[in-house]
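Subject: Structure handover

Hello,

Here is the structure for you to look through. Please open it first, then read my notes below.

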Amino acid sequence: MNDFQRKDLSVYRLALEVQTPPEPLPLNPATLLSLVRSQIDLLISQQITATFWVKLPPGKIWQSELLRYQSFIGTSGTIYNCQIKENEQVEDPKEITSSPHHICVQLLPNKQLRREYFLMVLSPQFCSLIVAHRPLRISKTQQNPPMLAMTTIDSKVIQPVLDGIQQATVRKSALNASTDFIYPSVSEPAIISQLLSRQIQRQNEINRHISNKRIVQLQQQNQKLQNKEQRQDEYFKNVCHELRTPLTQMKTALSLLNSPNIKPLQRQRYLQMLKTQCDRQSNLITGLLDLVDLEYNLEKKALELINLADIVPGVVSTYQPVAQEKGIILSCTISPELPDVWCVIGGVKQIVIILLQNSIKFTPNGGQVCVKTRIQSNYVQLEFRDTGIGISENEISNIFDCFYRVRSGVTEDLGGAGLGLTIVKRLLSRCGGSIYVKSRLNQGSTFIVQLPRAC
């Protein structure tokens, strides 16, 4: 065999080139493992000392099978563990046990053999060959095709394969002097029967393992679906409750307005109640629509590169009249030199509006709201600081949940729909950002938004 043929070695092709080649069959790695285990089971049970020529997939599970047989044969047999030579180093050297009877054999660099695995068993009582070949994918979009494998006990197939492997070795001095083997003329029927029995047993074990693993996966998926369904039920109950609450108050106000003895100040108060509850229900419906849109379309929403200086000051200026009406000092410090950040299209404006509304809403008359930015590692931080009513420590972990409203402890109903912070968190999750809060009751809150900066 010339140098070109040795470098182009394919054990799979050599096995197919005999006059009556074995029939290749598609299989997965689990089935290949069952074939290897059944061969070793047979050799151990029949106490057959053999020489191995192997090239198995990387991983401890495969090497453990060789160690299992090596512990049985001791110093009686030899295992030639074939590896492709790569830059004068053996692949996966940590996984290979080297000893006088477990020899690492380097083969010439070879694209064909890199995609092949084999186990060759040679002994006067029993010989066999298992070859597995991984076909190339036709296109990147195609899934990995199954391996093609063949197994045989025919010496007419095994001998040319052995010759090809030996001629492709880099250092033949690593091989023992005795490399000629006497093949059994006919394998004993009892051994073949034992082999088939072992293969069936091993395959059944692997099938049970795969089946049990699949059952566990299905149970986990089922539990996730049940949890999701339960969350949806709770969500719809909360939606119905939140929609019904303002309607109940509006109905009460309308009933009181129909009283013939109502005074002008009472009329004015009930009309204001109607307006407040109409606004509340409108905000709730708008928030629900936004949340549903995020639920179904968030992953489809494109990201954009924006500069906070182009968005934040404009939004803050639109809320200056609202802040002035409450006597709140609203300030904004945004550096024009900030790097661009990634966010969902339109997401930054929505985030700023929600957090700014909350800061002003929960800050008493005469307080302060400050918006500023800074660079923190790979993020640009957008900070909203207020001198409002604050949040108790045991509530902070809940404020990003749907419909959760902070218990303000004041007589005025400051609570909104309880959806704003949920929307903010989901928008940030899409672009790899985050939000966290620092707050103390009656001392104010600071919401810090982190947006990933452009590289």
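Which residues have the most contacts inside the largest nonpolar core? They are Leu356, Phe447 and Leu451, and this core has 48 residues. Helix H10 gives the most to it, with seven residues. Another core lies apart from it and has 29 residues, including Leu43, Ala50, Val54 and Ala132. In soluble globular proteins, nonpolar side chains tend to be buried together.

Please keep in mind that this is a predicted model.

**The chain as a whole**

The chain has 455 residues, and 42% of them are buried. Its secondary structure comes to eleven helices and 15 strands. Now take the contacts between residues at least 6 apart in sequence. Of these, 72% join residues at least 24 apart.

**The five-stranded sheet**

Start with the open sheet of five strands. Its order is S10-S12-S13-S15-S14, and the pairing is mixed. Why is one side of S10 and of S14 left without a neighbour in the sheet? Both strands stand at the edges, so each has a single partner strand. On average, neighbouring strands are turned by 15° against each other, direction ignored.

Inside this sheet, look at strands S12 (residues 368-376) and S13 (residues 379-386). They pair in the antiparallel sense, over eight bridges.

Ser377 sits in the loop between S12 and S13. Its phi is positive, about 60°, although Ser377 is not a glycine. Is Ser377 buried or exposed? Its relative accessible area is 56%, so Ser377 is exposed.

Go back to Leu356 for a moment. Leave aside its neighbours within four places in sequence. Leu356 is then in contact with Val315, Val316, Tyr319, Leu330, Val369, Val371 and Phe384.

**Helix H11**

Next, find helix H11, residues 420-431. This helix has twelve residues. From its first C-alpha to its last it reaches 18 Å, close to the 16 Å expected at 1.5 Å a residue. H11 lies across S14 and S15 and runs at about 25° to S15.

Which residues of H11 are buried? They are Leu421, Thr422, Ile423, Val424, Leu427, Leu428 and Cys431. What covers them includes helices H7 and H10. Strands S9, S11, S14 and S15 are also among the cover. Just after H11 comes Gly432, with a positive phi of about 85°.

Now move to strand S2, residues 51-55. Why is S2 largely enclosed by the rest of the structure? Five of its five residues are buried, so the strand is largely enclosed. In a regular strand the side chains alternate between the two faces of the sheet. In S2, Thr51, Trp53 and Lys55 point one way. Phe52 and Val54 point the other way.

S2 is joined to strand S6 (residues 116-122) by five bridges, and the two run antiparallel. Trp53 has Met120 as its bridge partner in S6.

Gln47 is in the loop between H3 and S2. Its phi is positive, about 55°, although Gln47 is not a glycine. Gln47 counts as exposed, because its relative accessibility is 64%.

Ser34 is in helix H3, residues 29-45. Its relative accessibility is 2%, so Ser34 counts as buried. Leaving aside neighbours within four places in sequence, Ser34 is in contact with Arg202, Gln203 and Ile206.

Ser128 is in strand S7, residues 128-133. Ser128 is buried too, with a relative accessible area of 1%. Which side chain makes a polar contact with the side chain of Ser128? The partner is the side chain of Gln39, at 2.5 Å. Residues up to four places away in sequence are again not counted here. Ser128 touches Gln39, Leu119, Met120, Val121, Thr152, Ile153 and Ile158. Met120, the bridge partner of Trp53, is therefore among the residues that buried Ser128 touches.

Best wishes

Note on methods
Residues numbered from 1 in each chain as written. Predicted model: local features only at pLDDT ≥ 70, side-chain atom pairs only at ≥ 80, totals over all residues. Heavy atoms only, no water. Helix = DSSP H or I, 4+ residues; strand = E, 2+ residues; numbered from the N terminus. Expected span 1.5 Å × (residues − 1). Buried < 20%, exposed > 50% of the residue type's maximum accessible area, 1.4 Å probe, protein only. Contact = heavy atoms within 4.5 Å. Pairing = 2+ DSSP bridges. Core = buried A, V, L, I, M, F, W, Y, C linked by side-chain atoms within 4.5 Å. Polar contact = N/O pair within 3.5 Å; in protein donor to acceptor, adjacent residues only side chain to side chain. Axes fitted to C-alpha atoms, helices over the stretch in contact; angles between N-to-C directions.
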